[in-house]
Each structure stands twice: as C-alpha cells, then as structure tokens.
Amino acid sequence: MDAQSTAAVAVDHLVKLYKGVAAVDGISFRLAPGSITGLLGGNGAGKTTTIAMIMGLVMPTSGGVSVLGAHMPAERYRVLHRMNFESPYVDMPTRLTVRQNLSVFAQLYGVADIDARIGELAADLDLTEFLDRPNGKLSAGQKTRVSLAKSLLNKPEVLLLDEPTASLDPDTADWVRSRLEAYRRDNRATVLLASHNMNEVERLCERVIIMKRGRIEDDDTPARLLARYGRETLEEVFLDVARGRGKQREAAQ
Amino acid sequence: MNASDAGIEFSFNRVGAMVRRYWYLLRSSWPRILDLIYWPTVQMLMWGFLQLYVAQNAGFFARAGGVFIGSVLLWDILFRGQLGFSISFLEEMWSRNLANIMMSPLRPAEFISALMIMSVVRLSIGMVPVTMLAVAFFGFNLWSLGLALAAFFVNLILTSWAIGIFVAGLLLRNGMGAESLAWTIMFLFLPLTCVYYPVAVLPVWLQYVAWALPPTYVFEGMRELLISHVFRADLMLEAFAFNVVLFAAASFAFLKLLQSAREQGSLLQTGE
C-alpha cells in the first residue's frame, strides 16, 4: 500500500491562484491516520485556503487533495459525513438555541441518536446549562465550545480546525485544547490545526508544517524544529521563518 | 461512482433538517412574522380602495370587479414566493453559517428543496390572512377561483423559485454585494408581465418579451376569468412549459455559479 492510499489526508502539489496571485503555491504533505498536525504561518500564509481546499470549499487551480481516499472536491460527498471543521470565522445562527443548532447539524450529518449525542457532548464540553439559550446570547468562550460540539457531532475521522482558540482567554483556551487532545486520543481521529498560537501547537501537535507566502517553509516534529533552528520555543522558530532567518542560517552553514 | 458519492442522492431527512432550522428562526422572531403579513396587507388595501373608487366612476371597472385586488394578490404570490426563498438563503449569509452548510453532507438539490418549502411556508403565513381581509373589506374571495387559483399558484410559485435559485447562485458567487438583487429583481417583472393591465397595452415589440415570461399568462388568464368568466387552460399550459424551461435554466445557472464560487473562493468570503 502506498503512502497516498494510507494517508488520511494527502495534498499533492497543491496550487491556488487568485487573479494570478498564488495563495497556495505547490505544497505537498500527507497526514497519517490518527495524527495531529499543526499548520503554522502568518496572515496570508495560505493556511485557511489550504484547509478550505481540503474541505472541498475551494477548488484548487492545480494539484490535488484526497481525504480518506476521496478526491476533493469532486468526490466530497463520499467523505463529508466522516469529516468536520471548526473555525471562529464561521458562526452558527444566533437566534437558534444551542440545542436547536446542534440538533439541525446532527440531522444533516445523519447522527443516529441525536438527543443522546447532544447530551453526551453537552456533558463533555460543559454545555448543559446553556443548551436552551440562543447562540447569540453566549460569550465568546461558550460559542467556541458550541462550535467545537458541532464539529464533533458526527465523530469525525478527519477534523480540521482553523484557529480553534482565537479570542479565548488562556483558561478557556487551555480547556478547549485538553478536550481536543482527549477526542483525538479516544477516537484515533486525524487532526489538522491551523493556528497562530505557538504554545497551542507545541502542546498539541506531534508535527508542525510552517507556511509562508503559500509555500511550506518547514515540516517536522516540534523537537526537531527546535533543535534545527537552535531555539527553545516554537515562537522563536516561527519568527526565524517569518523573517527569513532560517534560510540565512542554512546559507551560512 | 454511486448516486451518493456523485452528490445526486436525495435525502428528505437533510431537507427536513434545513426546514426545521428555518422554522426555528421564523418562530423565534415576531418582527419576521409581522413582516410577512404587513406589506401584502397594505398593498391589498390600497389597490382595493382604488378599485372601489374607479368602479364607482367607470362602468367597465364596475363589471370587472376584483381585477385589481386579484392582480395584487397574485403579484404577491410571485414576489413573496421569491422573497421567501431568497430571504431564507440570505439568513445563512447574515449569520455567517454558509460555510457550515456547504461543508456538511447537504446536497445542493436538498438545500434548494428546503428553500422552496420555506418559500411556501412564509407565503402561506403572509397571504392566507390577507386573502381573508380581502373578503372582509371588499367581498373579493380569491379562494372561490378554485382550480383556476391552483393553476395560477403553481405557475407563479415555479417562476418565483426559478428566480430565487438564480439569485442564490449570484449571492454565492458575488457575496453580499448581490444582496440588493434579491430584493429588487422581481420588480423587473412588474411592468413586463402586465400585472395590472392587458398585454395589448404594451408596444408590439415589448409584447414578445412579455409573452416569453410565464407570469404574463397567469395575469392574462386571471383577467379572462374575472372579466369574461372563462378559464383559459391553454394559457396555463403555456405558462407551465415556459416555467419548466426557466426552472431548468435557473438550476443550471445555480450549479455553474456554485462551481465558480468554489473556484473564486467566495464560499469562504461571503462579505461585500
């Protein structure tokens, strides 16, 4: 069996041009089943576009993406019920209660016992007390937990997270991370996490892909990246890459 | 590739989920419900009183009782049918929920079906009370048209859905910059489909345009029924044939615009 057929997500020479400008410029990577990978990069690095192409929301200009063996976006309906995503840039209807929102999405994803699944997630993500409150009346932290619950409704095998803890206070962010860790461990899910938060990536991810201007600048485990750049934190590595010091160091060596 | 993988499988369960989502929204907001009834009532009263005034001063209009009220009620089926479809779609954009929907296993045909159902639900909430008021104020009973009303309704709602589908495609492709079209596109049909006057009033060259639009047949048919007491089944069949073509063209345009939205990345950026 080759790497492509065993990978949960396979990205091959992926390019996305907007009016001739490359948002994603020929990137390739594979995510092993059950792995958790961080996608790092500054604003405009191409993280969100990459995730959108993996989800089938955006069509690549060239190259290909396959998720659980299905080519995206052409074969997306083979796998959409086995994947899910969460992003602070996408909301759920504010006038609907948390329970109504979750139950609508559960029905869309074909969840078998909707009430039981919502109850399970509510207990797990501490949502029980505001299940019957409209989404628009929740705090940012509560909304993030509801979005996370939505993304876990169908027990996805592939979970795509775009800055899942953006705008959360450190305590709530830490709490969300621990829930993500538990979900991934218990369900052997493949997780791709785009983030600006280096601590988050350092804590959660066993592999880090660093993007800059649509390209992959580096791709390794956090420990090997730290060693290679001679840094103590991923934030320092990130700054080295963002400011081109990584390339300078390579050239000097 | 089977039907499910190709995206042509149809699930009533998923359609039901979307209808439930819009129903929850509608019932949670009394201004939304009031808005469905308010303007059709104002329109009906204005045209009803105008008809009363004209009928008292002109013999023809006295004989053609109910033409204006009938016209405005049928126009509202066309206009409110499209608006009901488009507003439900816009709710997804206003709430920034579109990516959640497009990322879910919901197929485009299921999404459109849910919007069509909600268009009828919203139309019913608005129009049923207004037709009752028309009986109370002016003695005009739209429901007494019976089978003819059913033929008028089917043709008008099909046109409204076709326009709604096309507008939804434009919104997907162009984002909220196309929102004003959702509110105004149907007004192009107001003069061309001859809602309040016969087609013969138009210049000859414009009559060809009018007869290419399905609602024209409905409004002409309504006038024949109310003035000459003749139900023109031939006009309804012609309208239906044009509607089939219009609906197919709108669905094709929607799929093309959706594909273009995926290419342009506009499903993620639904702002202006």
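**Helix packing in chain B and the A–B contact**

Student: Within what distance do the axes of α5(B) and α8(B) come, and how do they cross?
Tutor: The axes of helix α5 (residues 67–94) of chain B and α8(B) come within 8 Å and cross at roughly 30 degrees. Axes are lines fitted to C-alpha atoms over the stretch in contact, with angles from 0 to 180 degrees between N-to-C directions; helices are DSSP runs of H or I, at least four residues, numbered from the N terminus. This is a predicted model, in which local features need pLDDT of at least 70 and side-chain atom pairs pLDDT 80 or more, while totals for chains, interfaces and linings use all residues. Residues are numbered from 1 along each chain, and chains are lettered from A in the order written.

Student: Parallel or antiparallel, then?
Tutor: The two helices, α5(B) and α8(B), are therefore roughly parallel (under 35 degrees; over 145 is roughly antiparallel, 65 to 115 roughly perpendicular, the rest oblique). Their crossing is right-handed, that is, the near helix is turned clockwise from the far one by less than a right angle.

Student: Which residues of α5(B) make that contact?
Tutor: On α5(B) they are L74(B), I77(B), L78(B), G81(B), Q82(B), F85(B), S86(B), F89(B) and M93(B). Their partners on α8(B) include F152(B), L156(B), W161(B) and L171(B). Contact is defined by C-beta atoms, placed from the backbone, within 7 Å.

Student: What is the make-up by class?
Tutor: There are 15 nonpolar, 6 polar and no charged residues. Ala, Val, Leu, Ile, Met, Phe, Trp, Tyr, Cys and Pro count as nonpolar, Asp, Glu, Lys and Arg as charged, and the others as polar.

Student: How does α5(B) lie against α12(B)?
Tutor: The axes of α5(B) and α12(B) (residues 214–228) come within 10 Å and cross at roughly 155 degrees. That makes α5(B) roughly antiparallel to α12(B), and this crossing is right-handed.

Student: Which residues meet there?
Tutor: V67(B), G70(B), S71(B), L74(B) and L78(B) of α5(B) meet residues of α12(B), among them P215(B), V218(B), M222(B) and R223(B).

Student: What does L74(B) touch beyond its sequence neighbours?
Tutor: Leaving aside neighbours within four places, L74(B) contacts F152(B), L156(B), V218(B), F219(B) and M222(B).

Student: New topic: how many residues does each chain put into the A–B contact?
Tutor: Chain A contributes 28 residues and chain B 29. On the side of chain A, α2 (47–55), α3 (76–79) and α4 (98–108) each supply at least two residues, and α4(A) gives the most, with 5. That side divides into 18 nonpolar, 6 polar and 4 charged residues.

Technical notes
Contact = placed C-beta atoms within 7 Å.
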